[in-house]
Amino acid sequence: ILDRVFLAERIGRGVARVRVAGSALAALGGTDLRGLPLSCLFTAEARPLLALALEEVFTGPAVGELDLGSDRTRS
């Protein structure tokens, strides 16, 4: 499960930067994710919801839980 874990830091309202990411997330992103915005793993349509969830987590005691899906096929 550690290959799917990440650590992000808040860099603005509703915006977070990936500090550390497991190998499965790097494979999903196609590159090392360190320094990239967390939103790079989400479609443009999903980014406003991500921003709301991030703001909730960063501004108060909260747990963020997101159901993620992908339409990518594995090769």
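A: Leu52 is a residue of helix H2, where a helix is a DSSP run of H or I with at least four residues and a strand a run of E with at least two, both numbered from the N terminus. The model is a predicted one, in which local features need pLDDT of at least 70 and side-chain atom pairs count only at pLDDT 80 or more, while totals for chains, interfaces and linings use all residues. Residues are numbered from 1 along each chain as its sequence is written, and side-chain values use heavy atoms, with hydrogens and water left out.

Because its relative accessible area is 56%, Leu52 counts as exposed, a word that stands for over 50% with a 1.4 Å probe and protein chains only as cover. Between the C-alpha atoms of Leu52 and Leu33 there are 21 Å, although these two residues are 19 residues apart along the chain.

The helix that holds Leu52, H2 (47-59), is also one of the elements that supply at least two residues each to the lining of the largest pocket, along with S1 and helix H1 (23-29). Among the contributors to this lining, H2 gives the most, with six residues. A pocket here is an open set of points on a 1 Å grid, where a 1.4 Å probe fits, with protein on both sides within 12 Å along at least five of seven lines, and lining residues have an atom within 4 Å of a point. In total 30 residues line the largest pocket, and those nearest its centre are Leu25, Leu28, Leu41, Phe42 and Leu68. Sorted by class, the lining has 19 nonpolar residues, six polar and five charged ones, with Asp, Glu, Lys and Arg counted as charged, Ala, Val, Leu, Ile, Met, Phe, Trp, Tyr, Cys and Pro as nonpolar, and the others as polar.

Conventions. Buried means under 20% relative accessible area, exposed over 50%, partly exposed in between (1.4 Å probe, protein chains only).
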